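Subject: structure handover

Hi,

Here is the model I promised to pass on, with my notes below it. Have a look and tell me what you think.

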Amino acid sequence: MNAVLPSTLTLRRITEPDNAAIAAVIRKVSAEYGLTADKGYTVADPNLDELFQVYSQPGAAYWVVEQNGEVVGGGGVAPLGCSEPDICELQKMYFLSSARGQGLAKKLALMALAHAREQGFKQCYLETTAFLTEAIRLYEHLGFEHISEALGCTGHVDCEVRMLKPL
């Protein structure tokens, strides 16, 4: 007899030992959606294997989602490079298929936005691609509005969907 056991979910700040696991999640989800490194998506970021160090910087934070002890997703917020100091960016929101549809991305995004407000940011920017329709719907639901021009210098040249939200 098989029993379906409830999964144990944990949403917590990233630690250094999480670096390899969350990088693997980002690579797997990117491959699933055809988001290749040659097109300037997150999977091409030179610091992808060092997210703990990246998000240990002032104003930044990153959270991972664990399901039954395995990292299945994550997301964060950081100051937007080459921009006004009161604009942050919602970054690297990726979830394995097993973690989708449970409200985890919404919960994590709300935590990130609250953190951004606490850090004094006035606006939150994000970039994504039209392939990620579920993500776009979430961001619209959270109050992000589409804007025509890119902000900052993210390096994600093929992210054609740009959004901004007042905090």
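Cysteine 82 counts as exposed because its relative accessibility is 64% (exposed means over 50% relative accessible area, buried under 20%, partly exposed in between, with a 1.4 Å probe and protein chains only). Cysteine 82 is placed in the loop between E3 and E4 (helices, H or I, are DSSP runs of at least four residues and strands, E, of at least two, numbered from the N terminus). Its phi is near 55 degrees, a positive value in a residue other than glycine. Most residues other than glycine have a negative phi.

Before the rest, some ground rules. This is a predicted model, so to speak of local features pLDDT must be at least 70, and side-chain atom pairs count only at pLDDT 80 or more, while totals for chains, interfaces and linings use all residues. Residues are numbered from 1 along each chain as its sequence is written, and side-chain values use heavy atoms, with hydrogens and water left out.

Asparagine 68 also has a positive phi in a residue other than glycine, near 50 degrees. Asparagine 68 sits in the loop between strand E2 (61–67) and strand E3 (70–79) and is exposed, with a relative accessible area of 54%. From asparagine 68 to alanine 99 is 31 residues in sequence and 11 Å in space, C-alpha to C-alpha.

Two buried spots are worth a look too. Glycine 59, in the loop between helix H2 (51–54) and E2, is buried at a relative accessible area of 14%. Its C-alpha is 6.4 Å from that of proline 79, 20 residues apart along the chain. Histidine 115 belongs to helix H3 and is buried, with a relative accessible area of 10%. Histidine 115 and valine 65 are 50 residues apart in sequence, with 17 Å between their C-alpha atoms.

Now the rings. How many aromatic pairs does a search of the whole structure find? It finds two (rings of Phe, Tyr and Trp, the last by its six-membered ring, pair if their centres lie within 6.5 Å; planes under 30 degrees apart count as stacked, over 60 as edge-to-face and the rest as tilted). Tyrosine 55 and tyrosine 62 make a tilted pair, because their planes are at 45 degrees, with ring centres 4.9 Å apart. Tyrosine 139 and phenylalanine 144 have planes at 65 degrees and centres 5.9 Å apart, so that pair is edge-to-face. Tyrosine 55 is buried at 3% relative accessibility, tyrosine 62 is buried at 0%, and both tyrosine 139 and phenylalanine 144 are buried.

There is a charge over a ring as well: the charged end of arginine 13 sits over the ring of tryptophan 63, 5.5 Å from its centre (the test is NZ of Lys or CZ of Arg within 6 Å of the ring centre and within 35 degrees of the ring normal).

On to the core. The largest nonpolar core has 45 residues, and Ile22, Tyr62, Leu90, Tyr139 and Phe144 touch the most other members (such a core is a set of buried Ala, Val, Leu, Ile, Met, Phe, Trp, Tyr and Cys residues joined through side-chain atoms within 4.5 Å). Elements that each supply at least two residues of this core include helix H1 (19–32) and strand E7 (161–166). H3 gives the largest share, six residues.

Last, the lining of the largest pocket. By class, this lining has 26 nonpolar, twelve polar and seven charged residues (Ala, Val, Leu, Ile, Met, Phe, Trp, Tyr, Cys and Pro count as nonpolar, Asp, Glu, Lys and Arg as charged, and the others, Gly among them, as polar). A pocket here is an open set of points on a 1 Å grid over the protein atoms alone, where a 1.4 Å probe fits, with protein on both sides within 12 Å along at least five of seven lines; lining residues have an atom within 4 Å of a point. E4 supplies the largest share of the lining, seven residues.

Cheers
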